[in-house]
Every structure is written in C-alpha cells, then in structure tokens.
Amino acid sequence: IFDGYDHAAIRRGHQVYTQVCAACHSMQYLHWRQLVGVAYTEEEAKALAAETEVVDGPDDEGEMFTRPGRLADKLPIPYANEQAARYANGGAYPPDLTLISGARHNGQNYIFALLTGYRDPPAGITMREGLYYNPYFPGGAIAMPKMLVDGGAEYDDGTPASASQQAKDVVTFLTWSCYPYQDEMRIMGIKACFVLSLMIAFASYSKRLRWAPLKSQRIVMDVVN
C-alpha cells in the first residue's frame with residue numbers, strides 16, 4: 001500500500017515505447033503534459049513535443065497546416081486510421097496501448113510475459129506465414145514479431161538495455177498510463193484512513209467520557225418497612 005511508481009522506470013519505459021513500439025502502436029489518450037513531473041521536466045517534455053508535427057487549422061484561408069507539437073497535444077499516432085494500420089500489418093490491427101494494462105487480466109504480468117515469451121513452436125505445430133508462436137497470447141499465434149532484444153533501445157541514464165529490462169520498464173510505463181493518478185489516490189487513501197482513525201478514537205473517548213459515570217454509579221435502595 002505504501003509503494004509508488006518508479007519514475008525512472010516510467011521515463012525509460014517511455015523511451016522504449018518511442019524507440020520500439022510507437023512505429024505500430026498508438027497512445028492516443030495520453031497527452032505530453034501528463035509526462036511533466038512524472039518522467040520529464042517541463043522543458044524536456046516541451047522539447048519532445050516540439051519534435052513532432054501536428055495537423056492543425058483551419059487557418060484564415062480555410063486551409064489545414066502543420067505545426068510543432070505542444071504540451072496540450074496528444075502523443076502522435078502511427079497511422080491515420082484503422083484501415084491503414086491493418087494494411088501495413090498484414091491485416092492485424094495493433095491496439096492502442098494507453099489503457100492496455102487495465103484491459104487485460106493481470107495486465108502487468110501478461111504484458112511482460114507476452115513481450116519476453118516468444119518461443120519456437122513445439123513439434124507438430126506449424127505457424128502460418130506472418131504469425132509467430134507465443135504461448136502467452138490467446139491461441140498461441142501472434143502477428144507481432146519479437147521486438148525486444150538486448151540493446152534494442154537506448155536509455156539516457158545509462159541503464160543496460162537488456163530485453164527483460166526493456167520489458168519491465170515499458171510495463172511500468174503502460175501501467176502508469178492506465179492509472180496515472182494511482183499515487184495521488186494512494187496518498188489520499190492513507191490520509192483518509194488516518195483521519196478516520198482519529199475520528200474513531202475521538203468517538204470512543206467521548207462515549208466513554210459520557211457514559212462511564214452513568215454505568216459505574218451505584219444505586220442503593222433503602223426500603224422502609
């Protein structure tokens with residue numbers, strides 16, 4: 001209950017997403033401003049947003065135009081629509097990853113196992129062209145090849161980018177993107193429990209103070225014959 005997000009891992013996880021996952025998967029419900037104070041400083045987030053181009057408009061002439069990204073913009077998406085995504089991936093549709101951790105049962109463990117669980121198909125099982133064997137994916141056949149390899153991403157903090165490290169970091173990032181206010185809610189819950197404990201203690205003391213004299217008094221009846 002007292003554990004919080006590893007913000008260094010969230011930063012590294014975003015770097016894995018940017019360098020490995022963003023070519024196919026979108027995070028269309030996440031804005032650059034949400035990364036401020038979590039994974040990057042405001043200046044760093046502004047610089048990252050400015051590296052992207054956003055279609056905006058219309059302008060005074062009624063034309064759409066492109067501009068550098070801002071903190072208020074959403075993270076860029078790799079494809080214009082679902083049809084373009086399916087065409088580029090052999091008919092498979094790469095899901096949006098913003099809420100994927102909460103959309104799958106036991107999401108954190110599932111995503112980690114999926115990313116690191118690629119195997120050669122067992123004897124007697126033949127994979128169709130364009131599919132890869134992964135026992136953690138329903139049905140065992142997945143259209144996404146193994147993406148995480150040792151050294152496949154570059155961390156700005158110098159952490160060795162092994163495949164398992166990349167998987168752990170991107171899982172942390174995806175968990176945060178699904179539950180971005182979890183730390184704040186946990187702190188609020190701890191404060192609420194503390195205040196509730198004080199209220200219970202005060203109520204118990206007040207009850208004892210009010211009723212103790214009445215419950216401990218002795219009544220003597222002098223019966224006159």
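Biologist: Buried means under 20% relative accessible area, exposed over 50% and partly exposed in between, using a 1.4 Å probe and protein chains only. So what share of the 225 residues is buried?

Modeller: Buried residues are 32% of the 225. This is a predicted model, in which local features need pLDDT of at least 70 and side-chain atom pairs count only at pLDDT 80 or more, while totals for chains, interfaces and linings use all residues. Residues are numbered from 1 along each chain as its sequence is written, and side-chain values use heavy atoms, leaving out hydrogens and water.

Biologist: OK, how many helices and strands does the protein have?

Modeller: You'll find 7 helices and 4 strands. They are DSSP runs numbered from the N terminus: H or I of at least four residues for helices, E of at least two for strands. Along the sequence the order is α-α-β-β-α-α-α-β-β-α-α.

Biologist: What's the radius of gyration of the protein?

Modeller: For the protein, 28 Å, whereas a compact globule of 225 residues would be near 17 Å. That's taken over C-alpha atoms, and the globule rule is 2.2 Å times the number of residues to the power 0.38. The C-alpha trace spans about 110 × 65 × 35 Å along its principal axes.

Biologist: And which share of the contacts joins residues 24 or more positions apart?

Modeller: Among contacts with a separation of 6 or more, 58%. A contact here is heavy atoms within 4.5 Å.

Biologist: Switching to rings: how many aromatic pairs are there in the whole structure?

Modeller: The search finds 2. Y17 and F173 make a tilted one, 6.1 Å centre to centre with 35 degrees between the planes. Rings of Phe, Tyr and Trp (its six-membered ring) pair if their centres lie within 6.5 Å; planes under 30 degrees apart are stacked, over 60 edge-to-face, and the rest tilted.

Biologist: Where do Y17 and F173 sit in the chain?

Modeller: Y17 is in helix 1 (residues 7-21) and F173 in helix 6 (residues 163-178), so this pair links distant parts of the chain, 156 residues apart. Both Y17 and F173 are buried.

Biologist: What about the pair with W176?

Modeller: F173 and W176 are stacked, 6.1 Å centre to centre with 25 degrees between the planes. Both lie in helix 6, 3 residues apart, about one turn of the helix. Together the ring pairs link Y17, F173 and W176 into a cluster.

Biologist: Why does F173 count as buried?

Modeller: Because its relative accessible area is 0%. W176 is buried too, with a relative accessible area of 2%.
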